[in-house]
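Biologist: I am new to this one. Please show me the model, and then I will ask about a few places in it.

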Amino acid sequence: MRLYNTLTRKIEEIKPAREGEVGIYSCGPTVYWNQHIGHMYAYVQWDILVRYLRSKGFKVKRVMNITDVGHMTSDEDAGEDKMEKGAKREGLTVWQIAQKYIDQFMQSMDLLNITKPDVLCRATEHIPEQIELIKKIESNGFTYKTSTGLVFDTSKFAGYADFAKLNLNKQDSGSRVEVDPDKKNPWDFLLWVTNQPNHIMKWESPWGVGFPGWHIECTAMSVKYLGETFDIHTGGKEHIPVHHTNEIAQGFGAIGHQTANYWIHNEWLTLKGEKMSKSLGNVYTASDLEKKGYDPLALRYLILTSHYRQGINFSFESLDSAQVALNNLRELVLAAKFDKGRPTLSAEKREKVDGFISEFDEALGNDLNVSKGLAVLWKALKSNIPSEDKYDLAISFDEVLGLRLNELNSKVQDTPEEITKLVNKREEYRNNHDFENADKMREEIEKLGFVLEDLPTGVKVKPKK
Ligand SMILES: [Zn+2]
């Protein structure tokens, strides 16, 4: 499989550090508010990545963090801890806020059929690991103390600017300068915060009572669960200049090298060209869409029509189209499912089936081109290969696409055998252009309480309402 690696700015072949296994770390949600569909965009895309690698036989270990402490209202250490802000807003404790929004996140994952990570780890449950890592960074000489806490000295890491191609001379770091006047460089960032005595979540540490900076949790937990070198690290493109740049610096400071061989970043889901955000008031959650009468899987379908590095401009018109397309797709899959009898594949059709399989595989393997994979599914369903082969292909592609096509059922399944026999007889007559007898069959079927619908893909049987 090939993916675009931000580290090298190239599409590269993924070569796992351990043969047959792939370790993936994904920056997860900060659980102080709802995870909206802008957030869920990335999680659907990474779900496709995990599913695809598993379909290729890789043993994937997927780790995702839950940020429940230390993420300030700005990514650059400024402002208030988002968790405490959320707690004040809702009159709950920080711990209740965390639980409330973890639940909301898990519910959105379910609605969008996103596979659960193998490890879902909370920052507050890994304080000792973070302290241990900071101690290593400190003993390697990468830190200094200020009145705000313990700071990472970015000037000690010569490659600090490389990952994000930052221009450190420009000092266009905005709020970074105001955050802590004692910082030697505006880029330096907090590893441990000690100057907030009123912060509710706090722990003892060698640097005083306080709490970890936002970035250290990801380095500590990825190393704990995936080792000092692992394969893939995912995140939104906004993480490149600060969060991931700092993770790379922390890896270097603690263990002498950064941790992930492939850093993969997604573009955003936007609404009218703007990033979805609470401050703009343009926020929808997966369950909001459900309340509006949409199937959440229509959003998943819509996301599948985009490439993770292109993002998508969300609109309700496009969601409507996705809903229609998904419904049509389901019709085709159902028609294939209930079309009985598998004729022997001719060599020509066998070749077609194999062609669809390799085209799908090639699309996904080529930097996760899932929209092309979806197009291959459509092409297969509309082709002249036998229905059962169509159905088999749909179910196998759907292990990657995750549209729950294997759960589809229609009333057809409950059709009594007697009716099925009549339907098949009618098909025989129709194939022989004996429409008179075919119509008689239809009448008989209707007398027995069933109606027929002739679709381009075959005939559908439904009980009369
Ligand atoms: Zn992270």
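**A helix pair and a zinc site**

Modeller: Threonine 219 has 2% relative accessibility, so this residue counts as buried (buried means under 20% relative accessible area, exposed over 50%, partly exposed in between, with a 1.4 Å probe and protein chains only). The model is predicted: local features need pLDDT of at least 70, side-chain atom pairs count only at pLDDT 80 or more, and totals for chains, interfaces and linings use all residues. Residues are numbered from 1 along each chain as its sequence is written, and side-chain values use heavy atoms, with hydrogens and water left out.

Biologist: Which residues is threonine 219 in contact with, leaving aside its neighbours within four places in sequence?

Modeller: Threonine 219 has its place in helix α6; helices (H or I, at least four residues) and strands (E, at least two) are DSSP runs, numbered from the N terminus. Contact means heavy atoms within 4.5 Å. With neighbours within four places in sequence set aside, the residues in contact with threonine 219 are Leu133, Glu247, Gln250 and Gly251.

Biologist: At what angle do helix α6 and helix α7 pack?

Modeller: Two packed helices are described by the angle between their axes and the distance between the axes. Axes are lines fitted to C-alpha atoms, for helices over the stretch in contact, and angles run from 0 to 180 degrees between N-to-C directions. For α6 (residues 216–226) and α7 (residues 240–255), the axes are 8 Å apart and the angle is about 55°.

Biologist: What does that make α6 relative to α7?

Modeller: Angles under 35 degrees count as roughly parallel, over 145 as roughly antiparallel, 65 to 115 as roughly perpendicular and the rest as oblique. With an angle of about 55°, α6 is to α7 oblique.

Biologist: Which residues of α6 and α7 make the contact?

Modeller: On the α7 side the contact uses His243, Glu247, Gln250 and Gly251. On the α6 side, the residues are Ile216, Cys218 and Thr219.

Biologist: Which protein donors does the zinc ion have?

Modeller: Donors are N, O and S atoms within 2.8 Å of the metal (3.2 Å for Na, K and Ca); water is not among the atoms, so sites may look incomplete. The protein donors here lie 2.0 to 2.2 Å from the zinc ion. They are Cys27 (SG), Cys218 (SG) and His243 (NE2).

Biologist: How many residues apart in sequence are the parts that cysteine 27 and histidine 243 tie together?

Modeller: The zinc donors follow the spacing C-x190-C-x24-H along the chain. Cysteine 27 lies in the loop between β3 (21–26) and α1 (37–55), and histidine 243 in helix α7, so the pair ties together parts whose separation in residues is 216.
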